[in-house]
Amino acid sequence: MIAMILAAGYGKRLQPYSLATPKPLFPIAGRPILDHILHRLEAAGCTAAIINTHHLADQIKQFIEGNTYRMPVHLIHEPEILGTAGAIRNAAAFFDAEPFLVINADIFTDIDLASVYKAHLQNGALATMVLIDWPEINTVRVDDGGWVRGFAAADEPYGGDFQSATFSGIQVLDPKVLSWIPQGSFLDSVTLYRRLIDSGMPPRAWFPPRPFVWDDLGSIARYRRVAREQMAAMAFQKTFGCLSASDIRIEPLAGDGSDRAWFRLKSGQQSLVMVDHGLADPNMTCPEAQSFISIGAHLYSKGIPVARQHAADMFSGLVVMDDLGDDHLQRIVSQEAPERAAEWYDRIIAILVRYGLDTAADFDPSWAWQSTHYDEGLILEKECQYFQAAFLEGWLGMSALSETLETEFRRLAANTMENACMGLIHRDMQSRNILISRGKPFVIDYQASRFGPVQYDLASLAIDPYVSLPQPLRDSLPDRYLHAARPIHSLDPKKFRRGFELCCITRNLQILGAFAYLSKIKGKPFFAAFLAPALDSLELNLQRFAATDYPVLLETVQEAKRKMRNL
């Protein structure tokens, strides 16, 4: 059996992602769709395959040349798209006197291709179409004898009982069909089939026996769904043993402040967790998923307690990890006695020391998603200006503050970095990003890690909007960190404490900006409830440690509090 894979199309419904990657190379469970198809053809006894190319043909050529298959795989380039039938005619020299199989390069299936070919050899038709039931687009008309009679209601030339079905993109053709296709002209398969029907030689319908897997990956939504299902199956097979996608339940989990989607994968008593970052933006140097995968692997290799990754794919944005449960530090601390809470924070600070000071040396800056460093420019843009634009102006309607606050914002950024003890920072180290699993703390959501002042993560814990730490415990955090670091790392205590207090202020500004934006712009009202506590925290930090340095900012915060009370 010889086969042809139709792979020349532009994948317009998959744009913008198909502008940079041809749809046959979109990955499913870590392997391109094209690779899945070629292996299925080999398993069906195919002796050779030809692939037509046009859009991004060099990428397909590079993939084929970089892989080895048991059968020879040839490429035929179309300078101009010839259509699904025209492409077959263009490859006529490749076929012999036997029927050949044709399959579209954008379907994912486990249909038994050997059985399809065998059925064609026995039915005496010039063409056999593999049909499935897809109610949304069931336009193929099949008579009660199993012959295809049309492709829409208007194609039914006479009465009788008809079954509606959908063409699967799999067909077997007799070489005689090639004479019905003009050489070098565009022609689609439906037009060819209509000509056969009109000439009294209709295609034969073949329906695969159930159960079977078949999916058209021609749209982004369908591609993402199939990618999730098959990634889940691959991860379960790798972790727990063989399971098919149909054996795994994919249950949505509550999201966070990002646009990512989270799922729990379950089968019996076994479970994993999947995060879907969405397809990688072809215009980004380092998409979020790539940072999540690379940084997570780095942290795990260094012994930082993060979930082990079992399967990951940067293009589809999918990562499958250990299921750490749903118990956050937020709940633990809210229910513990103060002395027990302090024990938890000591354990987490020990992690922060290792995270910030032990993993930075061989951290690759190319892994960083948003920026490589937390620096003065970032403080001004992502903390100070974010606070002003999203919270003061966007949430409270306090305008014309740029000139008033600019001098103090610049002073704050410079002073923070002057007192920075540099290392690797998580950037969002708060109680909801620390899961408690099997009695141990684990760090999640580390994809924004970058170089910066290690005091920032400690400050994130100290002014955590989700947890009201007792003031004595909050004030003791710098000394607890210095004590944990002391055996190995030499830090200037005065500089460390001063940098910590300044980071508390910059972090506070970021929280208020982010929560206002998430509530008002992203439609996530959950975060609005934490604006008032975060504003109280900012006022307290300014009064206690920086009132003389930032009097205008303090006055602005106090005015913001009065406006908040009137909302």
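**Close-up views of helix α4**

**View 1. The buried residues of helix α4 (residues 113-123) are Leu113, Val116, Tyr117, Ala119 and His120.** Seen down the axis of α4, these buried residues fall within an arc of 160°, so they line one face of the helix. The model shown is predicted.

**View 2. Lys118 and Gln122 are exposed residues of α4.** Both sit on the face of α4 turned away from its buried side. Compare Tyr117 and Ala119, which are buried.

**View 3. Asp112 meets the backbone at the start of α4.** Here a side-chain oxygen of Asp112 comes to within 3.1 Å of the backbone nitrogen of Ala114.

View 4. The chain has 16 helices and 22 strands. Its C-alpha atoms fill a box of roughly 95 × 50 × 40 Å, taken along the principal axes. Of its 567 residues, 56% count as buried. Among contacts with a separation of 6 or more, 74% come from residues 24 or more positions apart. The accessible surface of the chain comes to about 24200 Å², and carbon and sulfur atoms account for 51% of that surface. The chain carries 55 positive and 65 negative charges, whose mean positions are 3 Å apart.

How values were computed. Residues numbered from 1 in each chain as written. Predicted model: local features only at pLDDT ≥ 70, side-chain atom pairs only at ≥ 80, totals over all residues. Heavy atoms only, no water. Buried < 20%, exposed > 50% of the residue type's maximum accessible area, 1.4 Å probe, protein only. Helix = DSSP H or I, 4+ residues; strand = E, 2+ residues; numbered from the N terminus. Arc of directions from axis to C-beta. Polar contact = N/O pair within 3.5 Å; in protein donor to acceptor, adjacent residues only side chain to side chain. Contact = heavy atoms within 4.5 Å. Areas by Shrake-Rupley, 256 points an atom, 1.4 Å probe, with all protein chains shown as cover. Lys, Arg positive; Asp, Glu negative; His and termini not counted. Charge placed at Lys NZ, Arg CZ, Asp CG, Glu CD.
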